[in-house]
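Please keep the sequence and the structure at hand while reading.

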Amino acid sequence: MTQKFDVVVIGAGPGGYVAAIKAAQLGLSTACIEKYTDKEGKLALGGTCLNVGCIPSKALLDSSWKFHEAQDGFAIHGIQHAGVTMDVPAMVGRKANIVKGLTSGVATLFKANGVTSIQGHGKLLAGKRVEVTKPDGSVEVIEAENVILAPGSRPIDIPPAPVDQNVIVDSTGALEFQAVPKRLGVIGAGVIGLELGSVWSRLGAQVTVLEALDTFLMAADTAVSKEALKTLTKQGLDIKLGARVTGSKVDGEEVVVTYTDANGEQTITFDKLIVAVGRRPVTTDLLATDCGVTLDERGFVHVDDHCATTVPGVYAIGDVVRGMMLAHKASEEGIMVVERIKGHKAQMNYDLIPSVIYTHPEIAWVGKTEQALKAEGVEVNVGTFPFAASGRAMAANDTGGFVKVIADAKTDRVLGVHVIGPSAAELVQQGAIGMEFGTSAEDLGMMVFSHPTLSEALHEAALAVNGGAIHIANRKKR
Ligand code: FAD
Ligand code: AMP
């Protein structure tokens with residue numbers, strides 16, 4: 001007999017697994033189809049984020065930062081030690097254990113919530129039927145009242161640098177190095193390139209980042225991207241802007257890369273090369289030709305503001321649809337869709353999705369940049385507070401960067417919070433909460449912040465918007 005569910009989800013990444021759990025919590029019979037297996041050949045839920053994305057990259061970033069601190073950051077505290085070494089396989093093994101814990105945690109959550117987990121490749125057929133091809137090759141068709149497509153994304157390949165997962169790797173391969181490469185090349189100065197470049201640079205690799213664009217971190221506020229370029233360069237990342245990779249030749253255990261910049265064609269040799277030029281939606285064998293769901297011109301599943309596709313009862317969420325490729329965006333879309341399936345009036349505020357780059361210092365922002373607002377003709381007041389003036393940052397010997405709060409000059413409503421510095425991601429989240437409730441800079445300034453905290457920098461930046469900062473000379477006078 002054909003199985004039938006209220007909701008069938010294809011893909012168990014942060015979009016799909018969260019949607020499945022929420023659907024089950026709301027009383028809908030739910031199945032989630034996932035095909036990804038780990039190195040032991042076992043089904044691993046959690047998608048890119050848990051297996052080869054957010055979590056493993058943060059595990060290596062944290063380990064490598066601790067190593068860097070032990071090497072260069074302890075002496076100032078008076079801590080003397082005879083020298084530190086890094087056991088790379090142990091670091092990578094720790095990462096693998098964290099991944100295992102979290103992915104099996106999703107399986108436990110599925111059981112606890114009553115989600116039926118189905119291993120296999122899911123394909124949407126006409127009439128909201130889903131074909132599942134199991135690992136043994138057998139095929140089953142299940143029926144659904146509602147289908148949520150959450151197949152995610154995969155790294156973009158570029159012809160000049162074909163990935164072999166040995167010398168030329170993508171982000172997944174770069175999480176698996178068993179030794180520190182002496183000369184590491186990274187193509188692309190985006191979030192993933194900078195994070196992975198930072199990991200291996202901290203462990204001693206000589207890192208060169210080749211970025212085709214002339215502008216560094218184009219999406220960030222200019223003040224932040226300038227500070228980031230200065231700091232990351234000081235840390236040893238050689239970031240070459242306006243450098244477009246045009247070819248590569250693997251020769252044994254090294255690769256000669258050709259790129260063009262303002263001075264013409266250049267070559268450079270690396271021991272490993274990470275290709276981090278972005279990600280593209282996964283739609284391979286996902287949609288039967290007669291299923292009715294359409295793709296847009298860039299290959300993303302076409303959806304409206306509420307993630308509904310062109311077929312009633314079929315939705316798509318996460319990296320496979322327009323917008324930022326972020327785990328928290330995928331998850332919230334999953335929640336919104338399920339709430340709407342239940343008939344609730346849920347919607348998502350796409351204007352307040354925070355962005356984070358987990359370098360050190362961290363870089364994070366929410367809302368609009370000063371440049372974007374000015375281009376729109378919005379008059380703004382800006383308040384900035386440097387961590388160099390924060391007692392908490394001084395105590396931690398982590399004083400790089402600043403908090404920048406941007407408010408509408410007429411209404412004082414906060415329109416953007418941009419941070420480069422310690423715990424930037426956490427500070428920006430405070431800004432996001434305030435902005436969701438329509439906070440003004442004055443409101444934030446009137447709140448009581450614990451002392452001493454890094455959060456006080458947000459407080460002071462909000463005060464500085466109207467010339468009222470206490471612990472810094474105000475650029476703007478009241
Ligand atoms: P995915 O996580 O890609 O999951 C999709 C799942 O669907 C996969 O498991 C896939 O196997 C499965 N699937 C696909 N097709 C089928 C099919 N036909 N049948 C069955 N199963 C299928 N985002 C952040 O927010 N913060 C970060 O710090 C961050 N760091 C990152 C670091 C790296 C190195 C990378 C690569 C990404 C990072 N991201 C980060 C991005 C984040 O991982 C993605 O935005 C997020 O995973 C997208 O979620 P998703 O559910 O849409 O898709
Ligand atoms: P993101 O999309 O944020 O992950 O960033 C990827 C970056 O890779 C972008 O800034 C692109 O400009 C850059 N990029 C893409 N192709 C090339 C190339 N051939 N050489 C150098 N940089 C590239």
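In this predicted model, helix H1, which covers residues 16-25, packs against helix H8, which covers residues 327-341, at an angle of about 30°, and the two axes lie 8 Å apart. Because angles under 35 degrees count as roughly parallel, H1 is described as roughly parallel to H8. The crossing of these two helices, H1 and H8, is right-handed. On the H1 side the contact involves Val18, Ala19, Lys22 and Ala23, and these residues meet Ser331, Gly334, Ile335, Val338 and Glu339 on the H8 side. Sorted by class, the residues of the contact of H1 with H8 comprise five nonpolar, two polar and two charged ones.

A second pair of helices is formed by H3, residues 54-73, and H4, residues 88-113, which pack at an angle of about 145° with their axes 9 Å apart. The crossing in which H3 passes H4 is right-handed. From H3, the residues that make the contact are Ile55, Pro56, Ala59, Leu60, Asp62, Ser63 and Ser64, while H4 contributes Met91, Val92, Arg94, Lys95, Ile98, Val99 and Leu102. By class, the contact of H3 with H4 divides into nine nonpolar, two polar and three charged residues.

Turning to the ligands, ligand 1 is surrounded by 38 residues, of which Glu34, Thr48, Lys58, Gly122 and Ala327 are the closest. Around ligand 2 there are 14 residues, and those that come nearest are Gly188, Glu211, Ala212, Ala243 and Val245.

| Ligand atom | Protein atom | Distance |
|---|---|---|
| Ligand 1, oxygen | Thr48, polar side-chain atom | 2.6 Å |
| Ligand 1, oxygen | Met325, backbone N or O atom | 3.4 Å |
| Ligand 1, oxygen | His328, polar side-chain atom | 3.3 Å |
| Ligand 2, oxygen | Glu211, side-chain N or O atom | 2.6 Å |
| Ligand 2, nitrogen | Ala212, polar backbone atom | 3.1 Å |
| Ligand 2, nitrogen | Val245, polar backbone atom | 3.0 Å |

Key. Residues are numbered from 1 along each chain as its sequence is written. Chains are lettered from A and ligands numbered from 1 in the order in which they are written. This is a predicted model: local features need pLDDT of at least 70, side-chain atom pairs count only at pLDDT 80 or more; totals for chains, interfaces and linings use all residues. Side-chain values use heavy atoms; hydrogens and water are left out. Axes are lines fitted to C-alpha atoms, for helices over the stretch in contact, and angles run from 0 to 180 degrees between N-to-C directions. Helices (H or I, at least four residues) and strands (E, at least two) are DSSP runs, numbered from the N terminus. Angles under 35 degrees count as roughly parallel, over 145 as roughly antiparallel, 65 to 115 as roughly perpendicular and the rest as oblique. A crossing is left-handed if the near helix is turned anticlockwise from the far one by less than a right angle, and right-handed if clockwise. Contact means heavy atoms within 4.5 Å. Ala, Val, Leu, Ile, Met, Phe, Trp, Tyr, Cys and Pro count as nonpolar, Asp, Glu, Lys and Arg as charged, and the others, Gly among them, as polar. A residue is near a molecule or strand if one of its heavy atoms lies within 4 Å of it. A polar contact is a pair of N or O atoms within 3.5 Å; within protein, one must be able to donate a hydrogen and the other to accept it, and residues adjacent in sequence count only if both atoms are side-chain atoms.
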